[in-house]
Amino acid sequence: MPNQTPAAFQTNAKNGVVWETCRLLADTRLTHGFSTRRGGVSRGAQASLNLDHKQDTNENVRQNHLRLAAALGYDAHRLVSTHQVHKDEVRVARPEDEGLVLAGPTPYECDALITNVPGRPLICYSADCIPILLWAEDVAAVAAVHAGWRGTAADIAAKCVQKLAAVYRADPRHIKAAIGPGIGACCFSTHSDVPEALWAAFGSSVSPCIAPDPAEDGKFRVDLKLVNSLRLQAADVPAANIAISPECTCCLPDKYWSHRYTQGKRGGQAAVIMLK
Ligand SMILES: [Zn+2]
C-alpha cells in the first residue's frame, strides 16, 4: 500500500510562508512544495497566500507568487502555470510559457504540465481538488497535475505518466509521486454522478474508493486521493513510490482553501516542482 503515514509529508516555513513537502521528492536535484494559505499579502476570503487570479487582483497574486518563489527557491519569472479546465490535457512546457502567470491568467488551457528543463518551475492549483507532483528520476523530468473528480475520471494522472514516457522515455517504474493536500473521503460527499463517472472509466477497480455516505441517504463518499494512487499504479508507478498527504483541505480551513468549506468564496493554493 502507498505510504499514508504523516511522516511522508512535512511542514516547512520561511519568511511567514508555510508549505508542505513530500519525503519521496526530498532530493538535492529537485525543488518542490505544496503551498498553504499562510505567508501572502491578500485579504479577506483570499487571505493570504492566494495564487488564484479568479477572485483577487493580479497584483496581489503576483506578490504572492514572488513570496512563494522566494521561500521555496525558484525564479517566479520562469514559472510555467496551468490554466485549469477539469480536462485531461497534458502540456509540454514551452520557453514562451515562462512567467505568463505573473501578469494574469495563463492563455492556454491545460490541467497538467511536464518538463525536463532545469530551472523551469511548474505550478498547478487546487482548493479541494487533488494536486499531484511527479518526478521521473531516470530521465530527470517532472510534472504537476491538477486532478479534480472530472480530471480524475478522465484519467489525467495516468495520462501524465504516459506522456512522460512518450516524450522523455521515462520508465514509470522509476517515477515518484506525491499526492498532496486535497479533499478527503471524510468530506467529499457526492451525488451518484461522481461514482458513476469513476465506475464508467475504471470499473470495479475503484470500488474500494467509494462508499455510501453514512450521513445522507443516496449520497456517496469518494476518496479521490486513493483513486489517483490506483490510476498511477495502473500506469506502472510502484505503490512504494507513491505518497499520499493525510491532510484534508475541507477539515483544515485555516491552513488550506476548500471550495466546499468556503462555498466558493476563496483563494487557491498551489503545487510547484522544479528540476535544479
Ligand atoms: Zn475532511
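Buried residues are those under 20% relative accessible area, exposed ones are over 50%, and partly exposed ones lie in between, with a 1.4 Å probe and protein chains only. Helices (H or I, at least four residues) and strands (E, at least two) are DSSP runs, numbered from the N terminus. The model is predicted: local features need pLDDT of at least 70 and side-chain atom pairs pLDDT 80 or more, while totals for chains, interfaces and linings use all residues. Residues are numbered from 1 along each chain as its sequence is written, and side-chain values use heavy atoms, with hydrogens and water left out.

Two strands count as paired if DSSP finds at least two bridges between them. S7 pairs in the parallel sense with strand S4 (residues 80–81), over two bridges. Here Ser81 stands opposite Ile123. S7 also runs antiparallel to S15, and five bridges join these strands. Within this pairing, Cys124 has Ala271 of S15 as its bridge partner.

Strand S10 (residues 175–179) is mostly covered as well, with four of its five residues buried. Its pairing with strand S8 (residues 130–136) is antiparallel and spans five bridges. Ala136 has Ile175 in S10 as its bridge partner. With strand S14 (residues 242–244), S10 pairs in the parallel sense over three bridges. Ile179 faces Ile244 of S14 across this pairing.

A further group of three strands forms an open sheet. The order is S11-S13-S12, and the pairing is antiparallel. Strand S11 (189–190) and strand S12 (210–212) are the edge strands, each pairing on one side only. S12 is joined to strand S13 (residues 220–222) in the antiparallel sense by three bridges. Ala211 stands opposite Arg221 of S13. Helix H4 (residues 193–202) lies across S11, S12 and S13. H4 runs at about 55 degrees to S13. For such angles, axes are lines fitted to C-alpha atoms, for helices over the stretch in contact, and angles run from 0 to 180 degrees between N-to-C directions. Contact means heavy atoms within 4.5 Å.

Pockets and cavities were located on a 1 Å grid over the protein atoms alone. A cavity is a set of points where a 1.4 Å probe fits but cannot get out. A pocket is an open set with protein on both sides within 12 Å along at least five of seven lines. Lining residues have an atom within 4 Å of a point. Grid points are joined across faces, edges and corners, and a volume is the space filled by probe spheres set on the points.

The largest pocket has a volume of about 730 Å³. It is lined by 30 residues, of which Lys54, His86, Cys129, His146 and Arg266 are the closest to its centre. By class, the pocket lining holds eleven nonpolar, 13 polar and six charged residues. In this scheme Ala, Val, Leu, Ile, Met, Phe, Trp, Tyr, Cys and Pro count as nonpolar, Asp, Glu, Lys and Arg as charged, and the others, Gly among them, as polar.

One cavity of 30 Å³ or more was counted. The largest cavity has a volume of about 30 Å³. Its lining includes Phe34, Ser35, Ser126, Pro131 and Tyr256. Strand S3 (30–35) and strand S15 (269–275) each supply at least two lining residues. The largest share, three residues, comes from S15. The cavity lining has six nonpolar, three polar and no charged residues.

Two individual residues complete the account. Asp97 sits in the loop between strand S5 (90–92) and strand S6 (112–115). Asp97 is classed as buried because its relative accessible area is 2%. Leaving aside neighbours within four places in sequence, Asp97 is in contact with Leu79, Val80, Arg91, Val92 and Tyr108. Arg260 belongs to helix H6. Its relative accessibility is 36%, so Arg260 counts as partly exposed. Not counting residues up to four places away in sequence, Arg260 touches Asp128, Ile183, Cys187, Phe188, Ser189 and Cys250. Arg260 and Gln233 are 27 residues apart in sequence and 28 Å apart in space, C-alpha to C-alpha.
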